Amino acid sequence: MGGPGQRSSDGQTAGNRGTGNVGQDQQNSSSASTDATNSSDGKNQGTTNSTTENPSISGDKGTTAGNDTPAFGGSGIARDGQHNRGPGGMSGNGSGMGMGGPGGGMSGGRNGNSSSAYATPMAIFAALFFGAFVFIAYRFRAQEWKLGERNRGLMLWTVLGVGFFLRMAIAPWISGHMDLMLFRNWATTAANSLSGFYTNGSSDYPPFYIYILYVIGKIGSTDAFSPYMSVLLRLPNILADIVTAYMLYRLASKRVGYGVSLGLAIFYVFNPAVFINSTFWGQVDSFFTMLIVGMIVLLVENRIGWSAVLFTIAVLMKPQGIIYGPVLFFELLRQRKIQPWLLSIGSAVVTTILVILPFSWGQEPLWLLDLYKGTVGEYPYASVNAYNFFALIGGNYTQDTTTLFLFSYHTWGMICIVLVTLFTWWMYIRSRKPQFAAAAALVLIAGVFTFASSMHERYLFPAAALAVLAYLYLKDRRFLWLAGGFSLTIFLNTFDIFYSSNSQDHYGIIWYVTSLLNVLLFGYLVKVVWDCSRPATIQAALPKATNIAPLSAE
């Protein structure tokens, strides 16, 4: 959003779109880092120096624009952290700036920096994790553990504690993605003037997460915590990882045995796809996923008002939150009562007003609508580093106006969104139960990510948690395989972009395999959802007080 070279939705920046000037970009990134740290007006490094030396730093993905050929028709904007996996450019973690090292100092983003040094250990850990997952999921059968409540609690908090402190121990040593520079700049701007964040600056990020950045900015402005700013910026999402794992455990403890419940918590806490996003990349998808998981759980429990609150917050945090709106809509239709409609609408309106009010002084009445409208058409590409169907057929960074058979990529994407939504609605009606909400949300995000245009590598992130939720509500073991499968593709896509293993505009093996896997996983998901949408299946999956459902139940 915003003018050329200033802003981008969901935080991307442009950089190195040409084939040269890499060394110059590395020099420019140093001055950009200084501008970002010292900026008092929060214009995404839109100061005189940064404009002159480094034409654009924008969005929440935070890659930088070098002095070479501008990206995207001269606008200098790239989206969602694509440090130029696009035509003819460099890609991934960037060659310029990052935030890392002990105490959160600045360090480079690529080619021997502190982040790149951890690529091999991360890949080895992922291989061991997914190998263990396949072995356990294939061989293990749930048994009720003979443990007292105290010992069960001790084991749970040990798992959650180890996951938390491991992240906190690693975070200072990882330079992270350049998004952290944007988040740091926004945190400083918000701390200086929360109400003037949008009027004084040029950020296009929706308003909810600015409150989180405001708190971080206040804490980071103190002498005691300022050296640890990069860790503070990761902390909300590290905590969100732990909270989401705890929610999955609590829900599982009511529906399956203790061993499975603890295993699911371990699966999420130590999942490489989760780990690399919050701790290595430094992105906010974990916080967003926590909101979506909470929304689905509350919806199933018929707490419509609070579910609508979390949905509204999710949309006010990331525009792609709207993808999950149909799930709430389907449940409201299923209930066939006016009261839930009034409650959900009222909750959404009140939540929106409370969130946006502090930012609205001096703004036009429809400023928030204009903020979201600015994202439409900003990244007109079939795929923006999302390893999906369009990427599989060669559409990464291809203009979405390009014709593919009868229609353009964009038109095909819109057709697929409609078809996926209608299919999900049909399955929801067929199931006749709110317990189908998690599966519906999973179909929506997996289908939209796989077949819509303008998708980015991290948009599939909530699928791992939603697949676990779907297993807990529908008791079909195939959802556990889907949780593992989506975790694998999420990790491969994120790892490949973050570490720039494909630095030129050529297809690599990870690109092909991950894109194909996502297409196959969605096809398998459709089959599983079709089977599980039968009312008899839903009824059989409802928890019984006297029974503990085994892992192998389907």
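Leu482 sits in helix H20, residues 478-498. Helices here are DSSP runs of H or I with at least four residues, numbered from the N terminus.

Beyond its neighbours within four places in sequence, Leu482 is in contact (heavy atoms within 4.5 Å) with Ala467, Leu521, Tyr524, Leu525 and Val528.

## About the model

This is a predicted model, in which local features need pLDDT of at least 70 and side-chain atom pairs count only at pLDDT 80 or more, while totals for chains, interfaces and linings use all residues. Residues are numbered from 1 along each chain as its sequence is written, and side-chain values use heavy atoms, leaving out hydrogens and water.

## The nonpolar core

The largest nonpolar core has 147 residues. Such a core is a set of buried Ala, Val, Leu, Ile, Met, Phe, Trp, Tyr and Cys residues joined through side-chain atoms within 4.5 Å. Ile296, Leu469, Phe479, Phe486 and Leu525 touch the most other members. H18 supplies the largest share of this core, 13 residues.

## Helices H17 and H18

H17 (residues 409-431) packs against H18 (residues 437-451) at about 165°, with axes 9 Å apart. Axes are lines fitted to C-alpha atoms over the stretch in contact, and angles run from 0 to 180 degrees between N-to-C directions.

Technical notes
Helices (H or I, at least four residues) and strands (E, at least two) are DSSP runs, numbered from the N terminus. Buried means under 20% relative accessible area, exposed over 50%, partly exposed in between (1.4 Å probe, protein chains only).
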